[in-house]
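Have a look at the model first, then read on.

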Amino acid sequence: MKSVSIITVNFNQSLVTEQLLQSIDTTNTYPNINIIVVDNGSKENDTETWKVKYPGINFIRSDINLGFAGGNNLGIRAATGDYLFFVNNDTEFTPGLVQTLAEDLDSHPEVGMISPKIMYFDEPGMIQYAGYTPMNYYTARNYTIGQFEMDKGQFDNITGPTGYGHGAAMMVRRGAIEKAGTMAENFFLYFEEMDWCDRIRKAGYQIWVDTRAVILHKESVSVGKISGLKEYFMNRNRILFIRRNAPGLAKFVFYIYFVSVVTPRNLLNYIKNGHKGFTSLLLKAIWWNITESTDSTNLGYPIKKA
């Protein structure tokens, strides 16, 4: 039986993280797991308390916030599993989750990453994710399959390729990480999992979804549904993703589209909705991409061989 390292990152959400750990304890029946919790520079360091409260779990502390990618990459360095299951700390497990995804990877060596169906925790019966459509590199747009739909069985028993895995829950084969590298840390927040999916796909693997496996997601616990932080990184990293992954012609078309369509539309929305300061954040996001390289500051943490 393959081993699974479950990796989650905590940032100022100790209670939420503990709820995740409790859900794993009460629902998981897959015997060969180990759990890694990375505290990503939280104001209060709870790792020493957690080590006593949750013996057997590996707690890692970073004194600074390394972002989503950097925090998870710390977890990768400590992981020993054949499969690495990255889950947001604002998720809760359901029975059969780990086993279903691990068995998929067991049976399909061509799959490098697989995500479960994701349901909104606070909206019982509402789907957040049942797969992604492929990326339109000309607009940097794709769509989440099933999002905001009530679950009436319309996506039951879907197992196979999808456009992208979901960053809230993605199980990744160790061999795929060894070939594609770890997550690009210059994204810091948002789009890093899509960039990773493209790199894993370029390394020769497929990206799958299995809707028989389900995880519950407390969406946007860390950054909020509307925030300057989210707005800045969504714009900055949308451009960065295209710079890193799109073919030449698509890049050119996207740049024109972003300047002539996205930017004016966003500015009008900021004025309409009274989002003060968002205009400067948008310009800052654009300027960052003009002045900064596409290369990640750290693409390749060494990982332990299984």
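A residue is called buried when its relative accessible area is under 20%, exposed when over 50%, and partly exposed in between, using a 1.4 Å probe and protein chains only. The model is predicted, so local features need pLDDT of at least 70 and side-chain atom pairs count only at pLDDT 80 or more, while totals for chains, interfaces and linings use all residues. Numbering starts from 1 along each chain as its sequence is written, and side-chain values use heavy atoms, leaving out hydrogens and water.

**Salt bridges**
- A salt bridge here is a side-chain nitrogen of Lys or Arg within 4 Å of a carboxyl oxygen of Asp or Glu, and the count comes to twelve.
- Arginine 212 pairs with aspartate 210, with the closest N and O atoms 2.7 Å apart; aspartate 210 is buried, at 0% relative accessibility.
- Lysine 117 bridges to aspartate 156 at 3.7 Å between the closest N and O atoms.
- Lysine 117 is buried at 4% relative accessible area, whereas aspartate 156 is partly exposed at 40%.
- Asp39, Arg61 and Asp63 are joined in a network of salt bridges.

**Helix pair**
- Helices (DSSP runs of H or I, at least four residues) are numbered from the N terminus.
- α7 (residues 228-245) and α9 (residues 278-291) pack at about 25 degrees, with axes 9 Å apart.
- That makes α7 roughly parallel to α9, since angles under 35 degrees count as roughly parallel.

Terms used:
Axes are lines fitted to C-alpha atoms, for helices over the stretch in contact, and angles run from 0 to 180 degrees between N-to-C directions. Helices (H or I, at least four residues) and strands (E, at least two) are DSSP runs, numbered from the N terminus. Angles under 35 degrees count as roughly parallel, over 145 as roughly antiparallel, 65 to 115 as roughly perpendicular and the rest as oblique.
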